Amino acid sequence: MDSSCNDRFKMVRLHFNLTQEKFGHSIGLSKSGISTIENNIRRVTDKHIKLLCAIYNINENWLRYGREEMFHRLDDDLLEQLMRKYNLSEYSKTMLEAFLCLSDKQRVSVTEGIKAIVQGFNMLHEKGKA
């Protein structure tokens, strides 16, 4: 592994908008441990690569070697099943896949936004009934 693996390690943290402390906590490293990796003082261990890939759905080939895409694609069979079951369009499938690839924090933000829209719609609907 060369420093580019460390660079990609940092890219993961930045993608999910995490502090070094929160990112480190998720994979069992201290803030200073994350800093030493990001500053190329030490290399990412196999253990931390495996954890990172499992927790954040990162493609190990991308993290180690810069090959392929950053994230694993969702199981196409599962998406196809959901498309059939719920009669989803290709666009809906893409939206669902994009949503599932967001960080937890980003998914919460999107969900809260949708809740606000639904509540607004319900309020307008109730006013129309009155």
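Okay, let's start with the largest pocket: its lining is made of Phe 16, Leu 18, Ile 55, Tyr 56, Asn 57, Leu 100, Cys 101, Leu 102, Ser 103, Asp 104, Lys 105 and Arg 107. Keep in mind that this is a predicted model, where local features need pLDDT of at least 70 and side-chain atom pairs count only at pLDDT 80 or more, while totals for chains, interfaces and linings use all residues. Residues are numbered from 1 along each chain as its sequence is written, and side-chain values use heavy atoms, with hydrogens and water left out.

A pocket here, on a 1 Å grid over the protein atoms alone, is an open set of points where a 1.4 Å probe fits, with protein on both sides within 12 Å along at least five of seven lines, and lining residues have an atom within 4 Å of a point. The largest one holds about 240 Å³ of space, a volume being the space filled by probe spheres set on the grid points, which are joined across faces, edges and corners. Its lining splits into 7 nonpolar, 2 polar and 3 charged residues; Cys and Tyr count as nonpolar, and Asp, Glu, Lys and Arg as charged.

Which helix gives the most to that lining? That's α8, with 3 residues. Both α4 (46-56) and α8 (104-129) supply at least two residues each. Helices here are DSSP runs (H or I, at least four residues), numbered from the N terminus.

With a disulfide defined as two cysteine sulfur atoms within 2.5 Å, the count is 0.

Last stop, helix α2. Across residues 20-27, Gln 20, Phe 23, Gly 24 and Ile 27 are buried. Looking down the axis, those buried residues fall within an arc of 100° (taken from the directions from the helix axis to the C-beta atoms), so they line one face. On the other side, Glu 21, Lys 22 and His 25 are exposed. Gln 20 sits at 18% relative accessibility. Just after the helix, Gly 28 has a positive phi of about 80°.

Methods. Buried means under 20% relative accessible area, exposed over 50%, partly exposed in between (1.4 Å probe, protein chains only).
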